[in-house]
Amino acid sequence: MASLANVLLSRRVQEMVINGEEPESLYICRHEKQAPSPLAPIPIIDLNLLSTKTEEEEEEEEELHKLKSALCSWGCFQAINHGMSSCFLDQLRHVTREFFQLPMEEKNMYCKGVEEVEGYGGDPSPEEGQFLDWQDRLLLTVYPQDLRDTKFWPQNPISFREDLENYTCKMRMVTGIVSKSMAKSLQLEENCFLDQFGERAAMQARFNYYPCCQRPDIVLGLKPHADGTGYTIILQDEVEGLQILQNQQWFTVPTLPNGLLILMGDQMEIMTNGIFKSPVHRVVTNTEKARTSIAVFYTPEKHKEIGPVDGVVHEERPAVFKKVKDYEVTHWEYYQRGMRALHIAHV
């Protein structure tokens with residue numbers, strides 16, 4: 001089983017599609033009849049109202065209330081007015097598609113080993129009994145800069161590196177605004193989450209390519225999971241596919257041309273003592289259109305201890321979680337078994 005997974009992962013899903021190959025058995029993950037997934041009414045938050053001094057304090061308070069409500073119920077929100085133009089976001093989508101449209105031999109210049117995480121290819125092979133995802137991806141560490149492995153950074157498209165550098169700078173600004181706003185929405189000291197993430201909070205960018213699949217009824221682009229991050233910032237293209245589990249039902253996340261989906265990870269659930277939720281999500285496949293997305297994972301700096309912040313643990317709400325270090329490492333081990341890791345942080 002593991003050896004077959006390694007053989008399949010040494011190839012590319014995109015290549016299988018080009019060759020007209022049917023999904024192998026290891027990609028088949030479901031057999032039940034799928035009910036249509038309704039669109040998720042995920043709240044849209046105006047970051048400009050939260051990042052600038054406004055005379056309309058009521059507007060900011062209303063937006064903070066919407067933010068808290070979104071993260072307590074859905075565990076995510078769509079961010080608009082985040083400081084990036086539609087032209088810039090379109091350019092990021094364009095270079096992502098351009099990279100995946102390069103000849104296979106050129107993409108393979110940035111190829112990772114089967115068991116490595118960073119670089120171009122599929123995720124490392126899961127444990128026996130787990131299925132494979134119908135996707136190829138390029139995963140890059142973008143911050144701190146001294147941890148970058150630039151041999152995996154494509155030189156083609158020509159603007160890829162510069163665009164990613166600019167996007168990383170913008171993402172650092174967005175995480176500052178979002179982290180402070182989340183704290184204010186809970187009436188906490190505004191830097192309390194940023195302090196837990198630390199000066200060297202890690203950022204990885206994952207460029208996802210989900211090729212067309214002739215069997216979307218039985219094959220998934222990405223298995224159900226919750227993220228092990230603090231939170232994840234996702235730029236979608238126009239093709240729907242990301243779904244969130246809410247009350248045992250799957251809901252499709254709408255695509256928003258100028259929006260960023262900001263999705264809580266397990267570490268944010270820990271920091272808020274369970275007030276904000278880390279949602280289980282997946283990506284479905286599509287028979288007619290390939291889909292791309294860019295996910296930026298924002299994670300506390302390595303070896304930094306995190307736990308519920310001051311103000312969310314009190315007599316009415318005792319500690320649900322204990323302090324943990326390097327949670328994302330344990331999360332990955334459980335993810336490879338098709339399991340969640342959050343229980344390891346419970347008191």
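In the predicted model, the aromatic pairs come to a count of 14. One of them joins F88 and Y167, whose ring centres lie 6.3 Å apart with 55° between the planes, a tilted arrangement. F88 belongs to helix 5 (residues 86–100) and Y167 to helix 7 (residues 160–185), so this pair ties together parts that are 79 residues apart in sequence. Both partners fall under the 20% limit for burial: F88 has a relative accessible area of 16% and is therefore buried, and Y167, at 1%, is buried as well.

A second pair is formed by F197 and Y298. The two ring centres are 4.2 Å apart and the planes meet at 20°, so the pair is classed as stacked. Distant parts of the chain are again linked, with F197 in helix 8 (residues 192–197) and Y298 in strand 12 (residues 291–299), 101 residues apart. F197 and Y298 are both buried.

Ring pairs also build a cluster, which comprises F99, F100, Y110, Y120, F160, F207 and Y209.

On the surface, negative charge is gathered in a patch made up of E57, E58, E59, E61 and E62. Within this patch, E58 is located in helix 4, which spans residues 57–73. The relative accessible area of E58 is 67%, and E58 is therefore exposed, the cut-off for this class being over 50%.

Conventions:
Residues numbered from 1 in each chain as written. Predicted model: local features only at pLDDT ≥ 70, side-chain atom pairs only at ≥ 80, totals over all residues. Heavy atoms only, no water. Patch = residues over 30% accessible without salt bridge, like charges linked within 9 Å, V, L, I, M, F, W, Y side chains within 5 Å. Areas by Shrake-Rupley, 256 points an atom, 1.4 Å probe, with all protein chains shown as cover. Salt bridge = Lys/Arg side-chain N within 4 Å of Asp/Glu carboxyl O. Lys, Arg positive; Asp, Glu negative; His and termini not counted. Charge placed at Lys NZ, Arg CZ, Asp CG, Glu CD. Helix = DSSP H or I, 4+ residues; strand = E, 2+ residues; numbered from the N terminus. Buried < 20%, exposed > 50% of the residue type's maximum accessible area, 1.4 Å probe, protein only. Phe/Tyr/Trp six-rings, centres within 6.5 Å; stacked < 30°, edge-to-face > 60°.
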